[in-house]
Amino acid sequence: MIVTVLLLVLIAALSYALGCLNGSLIISRRMFGVDIRSMGSGNAGATNFFRSFGRSGLLEVLAVDIGKGLLAAFLGGILLGLAAPEPEELAYYREVGRAFATFCCVMGHVFPAPFGFRGGKGILCGVACVFVMEYHAGLICLLIFAIAVAATRYVSLGSVLAALSVPVTALAQGFSGLSMTLVCISVALVVLKHWQNIVRLIQHRESKIDFRPDVSHKLDSEDF
């Protein structure tokens, strides 16, 4: 029992720390010398980064946010698997470890302590975690996102629908009750972070993605 608790604490610390490595915040400061939260929608996410800076630096943002999600969920499964008392319980412990790491990683991304607890909305790192937890759920999540964005050009709508699909797929794949609880809490956090987007969607005021960057920040540049 003590070993399990210690491993859970370790998973929480590692996953939260990885979640705090926000790609948009780090790359915007390193490459452009600005805080992405001071631009566009004010969100520290890949969509706002693209709208503000275009493709420059976008791959690095994706690499950071996707990489940390993959790593967090992978480590969570491996570490909690060490606490399995019997070989036949290993799969269960790894499943719970991945789900717990996913929750902690999303928390770190959404509420990063090093960045004043003002982070992104958890989509990229969350989807990456889902691929490690259950790749079928990850594929369905991406498919729903792509279809929704292609049909409506609302990234927020695609993100919310994709997130809501995860518990359904996880349930169909036979996730345990504890894992389902952790998945649902993580999804609820992501959806709540999109609450303002949801309100704007209902009011038909949400911005559509046009795949053309906002270069207004360059207007005062001598090289513009």
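Predicted model: local features only at pLDDT ≥ 70, side-chain atom pairs only at ≥ 80, totals over all residues.

Student: Which residues line the second largest pocket?

Tutor: Thr4, Leu8, Leu80, Tyr92, Tyr93, Val96, Phe100, Leu178 and Leu182. The largest share, four residues, comes from α5, and the pocket holds about 150 Å³ of space.

Student: OK, and what volume does the largest pocket have?

Tutor: About 1,300 Å³. It has 47 lining residues, and the closest to its centre are Ala46, Thr47, Phe145, Val155 and Ser159.

Student: How does that lining divide into nonpolar, polar and charged?

Tutor: You get 23 nonpolar, 17 polar and seven charged residues. Elements giving two or more residues to it include α3 (46–53), α4 (58–81) and α10.

Student: Switching to cavities: how many of 30 Å³ or more does the structure hold?

Tutor: One. The largest cavity has about 160 Å³ of space. Of its 16 lining residues, Gly126, Val130, Val166, Val187 and Val190 are the closest to the centre. By class, the lining has twelve nonpolar, four polar and no charged residues.

Student: New topic, Asn197 in helix α10. Buried or exposed?

Tutor: Asn197 counts as buried, because its relative accessibility is 8% and the cut-off is under 20%.

Student: What does the Asn197 side chain have a polar contact with?

Tutor: The side chain of Glu206, at 2.9 Å. Leaving out residues up to four places away in sequence, Asn197 touches Lys121, Ser156 and Glu206.

Terms used
Residues numbered from 1 in each chain as written. Heavy atoms only, no water. 1 Å grid on protein atoms, 1.4 Å probe; cavity = no way out; pocket = protein on both sides within 12 Å on 5 of 7 lines; lining within 4 Å. Points joined across faces, edges and corners; volume = space filled by probe spheres on them. Nonpolar A, V, L, I, M, F, W, Y, C, P; charged D, E, K, R; others polar. Buried < 20%, exposed > 50% of the residue type's maximum accessible area, 1.4 Å probe, protein only. Polar contact = N/O pair within 3.5 Å; in protein donor to acceptor, adjacent residues only side chain to side chain. Contact = heavy atoms within 4.5 Å.
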